[in-house]
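I opened this structure without having seen it before, and I kept these notes while looking things up. The entries go from the whole chain to single residues.

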Amino acid sequence: MSDFQRPTLCCCRKVLSIPNNKSENSMPAMGQSPPVDIASASNFHSFTLRHFHLSLQLNFRDKEMTGRQVLELCSTKPDTQTLVLDTHQSLLIHSIDCKVHSASGDQVCTSLTYRVDPFTDYGSSLTISLPAAIRPQHTFQIIIRYKTTDGPAIWWLDSELTCGNSKPFVFTQGHSVCNRSFFPCFDTPAVKCTYSATVRVPEGVQVLMSATRSAYSAHEKAFQFHMEYPVPAYLVALVAGDLTPADIGPRSRIWAEPCLLNAAVSKLSGLVERWLTVAESLFGPYMWGRYDIVFLPPSFPIVAMENPCLTFIISSILESSEFLVIDVIHEIAHGWFGNAVTNATWEEMWLSEGLATYAQRRITTEAYGSAFTCLETVFRLDALHRQMRLLGDNNPVSKLQVKFEPGVNPSSLMNLFTYEKGYCFVSYLSQLCGDTKRFDSFLRAYIEKFKFTSVVAHDLLEFFLGFFPELKERCVANREGLEFERWLNACGPPLAEPDLSQGGSLTEPVESLFRLWTSEPLDSAAIARQDLSTWRTFQTVLFLDKLLDRSPLSHEVMTRLSRSYSTLLDSMNAEVRIRWLQIVVRNSYYPDLYKVRRFLESHTSRMYTVPLYEDLCGGTMKSFAVEVFYQTQARLHINLRRTVQQILAQTFSTFVTVPMAPPSGDRPPDTAIALRDVNVLA
């Protein structure tokens, strides 16, 4: 297969075929019960959730949210006596009522009994006793009055933690299983429904939600939202604060704090519509109406989140134009892959992230050419192999179909394999059909068939073989060493990687310069001929990552690196600077250590602070890390402060051994690696 390079396989080559019939845990996307989700305490398989409405009152002073939720359900099974929802220890239930029509047609309102039981450290179960009047396939309402406190989904920021330092701020982050602390729900990607909301806030505060329609009622002094398409619970999102809008296209608007708005507009004006148009030409109509972006303060725990109609993205990324382009295009791709068609369980996150990553690269290929796309892909796969070396070839988190035990937080399974190994599998499927345009047609048909549903891997692969019957006749699912089941369930690196030689014009200078710096003796003249100031950002970060991998470097090399590049790198964006500073720390290069302090004083986002503190504490600079932390902790969000305190409290014997559980969302961290290499996207 000339288009693919096959790494050495480390697992057995047992042939595992795609079954002819669906297994018990691989249910179809439509018409049958969804598969079991052990991350949910709910009995979602016993009900159909048609719609829910939230009435919310935000109290910034006390950092509390008071809610009234109305769920419209119908029982799908006879003699169902209880409704079990996912909730959280931080969510306090005040009362639960039920409205149901009696046999005579009268509406009866009943106060219900309930109990809250422990489930996992990331949630509880809310068991509600239902009245006898509820009949199968008949709609009834459950009304829950509650108040939230300090839960994992809701992030309250004092004004000092915002970019403008003017008003307090709040946002929610639901991925993967956090929204059970926002509102009681079937917190599983297998369940989708429409929702609406009414939100009341103090005067002067703007509220946004991931909804297709929004309005402000001056009479009610409330913001009103409606999502007309079914979405899973984790995609319900809210943000409120000092936000100002600016249109950047016919269906796109940027929201940001006033001090950030001009910079955001200048970076994205006109581009988002271009990317949406390219995506539509590849995958079919964009079905969510609007594609707006809200830039959040640096305390946002990830880089970006694909909330429908309203992408959340961290304002820190505005420094790095190429990363901003990739991150926004990735979130656009989720409009088709992840939001319209969703993985039915968290054990198959690759169905959203692997396909979205493939779609992102198809968009960038059409918009910016193959060389740029291949460069970005080389950079990501380089990070994947770095993680593989750290975790080992037999680590189960490297599977696409990751199996986890009850109580394990799904966010802890989100890693580079979800994205890049998933991408490689999708690329392999594209290569099998022999024509990228034909595969685009397949993806359009896949979206059309499964939109607004949740799927398992078998749904995708069965549809693929049905769409390309000639491939089914050739038994490509069972090709030795590249069996579909092996792709899904084998540990280790991707079974095949796409041909990235079209990026050679951009990647070869990086490889050449890296070889020059790691050869003895150093060829100063040849090194001087390479001008980093003319490179793309992804070339520079790829070069610095390779130096990080080779660390520790000799003091002579570090001195000459600093003399050659330190001033230039100081003028570049944060994605470049953090990598140089990690090289400084890992090599104990004290002449540039003051720059680490300066960086940590000015950057307060998780994706930049955590990798540096881990490196500082993993070497000989723990006392320096403690000193800087105590000088800067007041500017860190309490959640990040706790994370850094945990790092400082430990003595690392190795740099990294296991992936860190992210605070959920797109582009997950693989400890220090992904927080700098992958950026942590949803």
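The entries below record what I looked up, beginning with the kind of model this is.

**Basis.** I am reading a predicted model, in which local features need pLDDT of at least 70 and side-chain atom pairs count only at pLDDT 80 or more, while totals for chains, interfaces and linings use all residues. Residues are numbered from 1 along each chain as its sequence is written, and side-chain values use heavy atoms, with hydrogens and water left out.

**Whole chain.** I looked up the secondary structure and noted 20 helices and 24 strands; these are DSSP runs numbered from the N terminus, helices being H or I with at least four residues and strands E with at least two. For the overall size I noted that the C-alpha trace spans about 90 × 65 × 50 Å along its principal axes. The radius of gyration is 25 Å, which agrees with the value near 26 Å that a compact globule of 682 residues would have; the radius is taken over C-alpha atoms, and the globule rule is 2.2 Å times the number of residues to the power 0.38.

I then turned to burial and found that 62% of the 682 residues count as buried, where buried means under 20% relative accessible area, exposed over 50%, and partly exposed in between, with a 1.4 Å probe and protein chains only. Among contacts with a separation of 6 or more, 74% come from residues 24 or more positions apart, a contact being heavy atoms within 4.5 Å.

**Helix H17.** How many residues of H17 are buried? I found that 12 of the 13 are, so this helix is largely enclosed by the rest of the structure. The buried residues include Arg-606, Tyr-608, Pro-611, Glu-614 and Cys-617. H17 covers residues 606-618 and reaches 18 Å from its first C-alpha to its last, close to the 18 Å expected, the expected span being 1.5 Å times one less than the number of residues.

**Ile-447.** I looked up this residue in helix H7, which covers residues 436-450, and noted that Ile-447 is buried, with a relative accessible area of 3%. Leaving aside neighbours within four places in sequence, Ile-447 is in contact with Met-287, Trp-336, Phe-337 and Val-341. I also checked Glu-376, which is 71 residues apart from Ile-447 along the chain, and the two C-alpha atoms are separated by 26 Å.

**Cis peptide bonds.** I noted a cis bond from His-175 to Ser-176, with omega near -5°, and Ser-176 lies in the loop between strand E11 (169-172) and strand E12 (193-200). The bond from Glu-520 to Pro-521 is also cis, with omega near -5°, and I placed Pro-521 in the loop between helix H11 (504-517) and helix H12 (524-528).

**Positive phi.** Where does Asn-165 lie? I found Asn-165 in the loop between strand E10 (154-157) and E11, with phi near 55°, a positive value in a residue other than glycine. Asn-165 counts as partly exposed because its relative accessibility is 49%. Cys-475 likewise has phi near 55° and is not a glycine; its place is in the loop between helix H9 (469-473) and helix H10 (484-489).
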